[in-house]
Amino acid sequence: MASKAASTAIPANQPPKLNYLNNGSSLKSWLLTTDHKRIAILYLISVTAFFMLGGFFAMLIRLELLTPQGDLLQADTYNKVFTMHGIVMVFFFLVPVVPAILGNFLVPLMIGAKDLAFPRINLLSWYLYVIGGAIFLHCMLTGGVDTGWTFYTPYSTAGSNTNVVEAGLAVFIAGFSSIFTGLNFIVTVHRMRAPGLTWDRLPLFIWANYATSLIMILGTPVIAITMVLVAAERLFHLGIFDPSLGGDPVLFQHLFWFYSHPAVYIMILPSMGVISELVACFARKRVFGYKFVAMSSVAIAVFGFLVWAHHLFVAGISLYAALVFSLLSFLVGVPSAVKVFNWTATLYKSSISYATPMLYAFGFIGLFTIGGLTGLILATIGIDVHVTDTYFVIAHFHYVMVGGVLMGYLGGLHFWWPKISGRMYPEGWAKLSALFVFVGFNLTFFPQFILGYVGMPRRYWQYPPEFQVLNVLSTAGASILAVGYLLPMIYLLWSLRYGPIAEANPWGAAGLEWQTTSPPPTFNFDETPVVTWEAYNYDEIPPKELEAPVAR
Amino acid sequence: MEHEAHNPALLHHFADAQQQKNAASLGMWLFLVTEIMFFGGMFCAYLIYRLAYFNAFAAGSQQLSIALGAFNTAVLIVSSLTVVLAVKAAEAGKRKVLVGYLVVTVLLGLTFLVVKGFEYREKFEKHHVPGSTFQFTDTFDDNGKKIPVNPKQAELFFSLYFAMTGMHALHMIIGCGLFSVLAVLAWKGHYTPGYYTPIENGGLYWHLVDIIWIYLFPLLYLISRHS
């Protein structure tokens, strides 16, 4: 290890002569690239664009809810806005964000491979994402869709007169993008690991992405066929979900949630992988109970497939089915808790440095815990009947999705930014924006727990005046949150030109990705590394002075 | 790694040909898993509605032609055999034999599609296509006993029939296209005993599409006939 690091070290403050970023600068060299790192950058740009679009819809929702009357938006427009907020954020942001950006960039680097197993399929998956996104944009500009992101039948097949088929097609195509990413990751992890990198030496980020990929492969085809059947029902009058044709709308909900509940784990697992990396690096310790944390990812993927009907407690499923699904939903809490406890145990009595990525990791651990525990509240049938379709549910899944996934993503993006861009970000600004995100997030969504508990239903554009104070707090929080998201966009772009040059391993972190140059060469490693050490061997790596890299 | 550079099929990011082959093979199997999940959604819907509307499904099933279905089943089983023989020919490096089997496979696939087309035409003539023109009259079982049927439920049977066989036929069309390309590339000598992964993986795809039909045939045509 120390000798290994020395053999690939490069002179500090000097960018490597030829790397993946300066190896060709034409548009063609980007749009036809098969380099996983460049494809990650393509994803970074396109996913960020969709995040801003989804954020725009979120701001419209929050502005409408600033006052009890429906003054900014009409009811129909409001339906479309929250639908498109959901579709954009779920299918075009949360699902691809960590695997397709950080995963694409890091999976081959972390396992010492030159690329993913199928580089062209990787590029294809980005094009499918873009085509799906373009179709959705077209759908949006030609009137949008108003079914809610869940496309519930029979409204989506017989009631709505908006562009449901086009939105479904967009989701279908983006789904194949996700399938190909998952397929690529699984094959890569199985077949492309560097010599000596055994399964129990893999970084936990790899384990998390591997488990995610399993869900992508097993779940996504089911939403794909469901969207096909919805489209066939609208276009050809097949009656599979329409009760007036003998079909059963609850079957739609079963098929939809068979994907869409595991999809929640597609979103959160890669972020959990990021947090494991961050906690180990900034506590400078091996992750406590490495094998349990690794296996908990797989366990979450498996249990995740057994709980979907907890979305149907009030949809008319039998009480006995509901009891079983309630119990199974509680079981998912076990591997999730294993992760939280083990991160905490890793931090215990360690010397923690509070760099920006670690701030996000702390944010993740706290907010995910709240999101996860309220999930147990919702898994309790009696309470679920009371709070179904209220803001309590909205607050719960935003704590997991925004407080969890986004915190993990931002933490990871800052952590690996020196590797991705070859530059350091400005630490002061980054800490400030992490604070904005944390405060803004809690101010936005905590009041929604209370709103839901006292009975404010979701998906209404008006509400009784007594709910206004909490809604104003929530909208104010969303504004702070928006600043917290805009700041990194500005200073990360700024750092591309003005940030200090990053060393190969600015954090003193373990992991093969830190042994190559920043940014890495096109084929990642000059020589295929041979691994002779366990993951997170922080006792063998000299610590870095982490306060140093502040921009001029 | 430079000593492998003479193999033109070896991509730069693999250490050797064996690793590349293993990766491609695992990737194909995983793709087949996604296909099974894809069709699984429809099989699930079929089973649920068959339990709920047994009579209508039995009556709908009576309207399908066992003879044509059985013929098509035989066609596909033979095509699976020719695919296996094609892979064997590729392994042995017999180029012309390989091309021959690939072409025969495509022809068998097209035969299946043509027969399927005749079956679909019959459904149009009998107004068994779901939609505003759908009609379904009461049917009789093999003993001449009348089976009471709700036409809406029978329509659901035909909805599933068209969804499942249509999606299967789409996969057959893709398969025929794929095998045509493979045949052209094989004719041009792209495949050697050292590199014939595309033939092998194409064969896996073809077998899976066959197997899906092997399930569709009894579920749609056979099992509701005798109860």
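L76(B) counts as buried because 24 C-beta neighbours lie inside 10 Å; the cut-offs are 20 or more other C-beta atoms within 10 Å for buried, 12 or fewer for exposed, and partly exposed in between, with C-beta atoms placed from the backbone. The model is predicted: local features need pLDDT of at least 70 and side-chain atom pairs count only at pLDDT 80 or more, whereas totals for chains, interfaces and linings use all residues. Residues are numbered from 1 along each chain as its sequence is written, chains are lettered from A and ligands numbered from 1 in the order in which they are written.

L76(B) is found in helix α3 (residues 66-92) of chain B, helices being DSSP runs of H or I with at least four residues, numbered from the N terminus. Leaving aside residues up to four places away in sequence, L76(B) touches F112(B), D210(B) and W213(B), a contact requiring C-beta atoms, placed from the backbone, within 7 Å. V33(B) is 43 residues from L76(B) in sequence and 21 Å away in space, C-alpha to C-alpha.

Helix α1 (residues 17-52) of chain B comprises 36 residues and reaches 53 Å from first to last C-alpha, close to the expected 52 Å, the expectation being 1.5 Å times one less than the number of residues. A kink of about 30 degrees in α1(B) is centred on G40(B), the bend being the angle between axes fitted to the seven residues ending there and the seven starting there.

Between the chains, the contact takes 31 residues from chain A and 28 residues from chain B. On the side of chain A that touches chain B, the elements giving two or more residues are α7 (164-191), α8 (204-236) and α9 (249-283) of chain A. The largest share of that side, 10 residues, comes from α8(A).

Methods. Contact = placed C-beta atoms within 7 Å.
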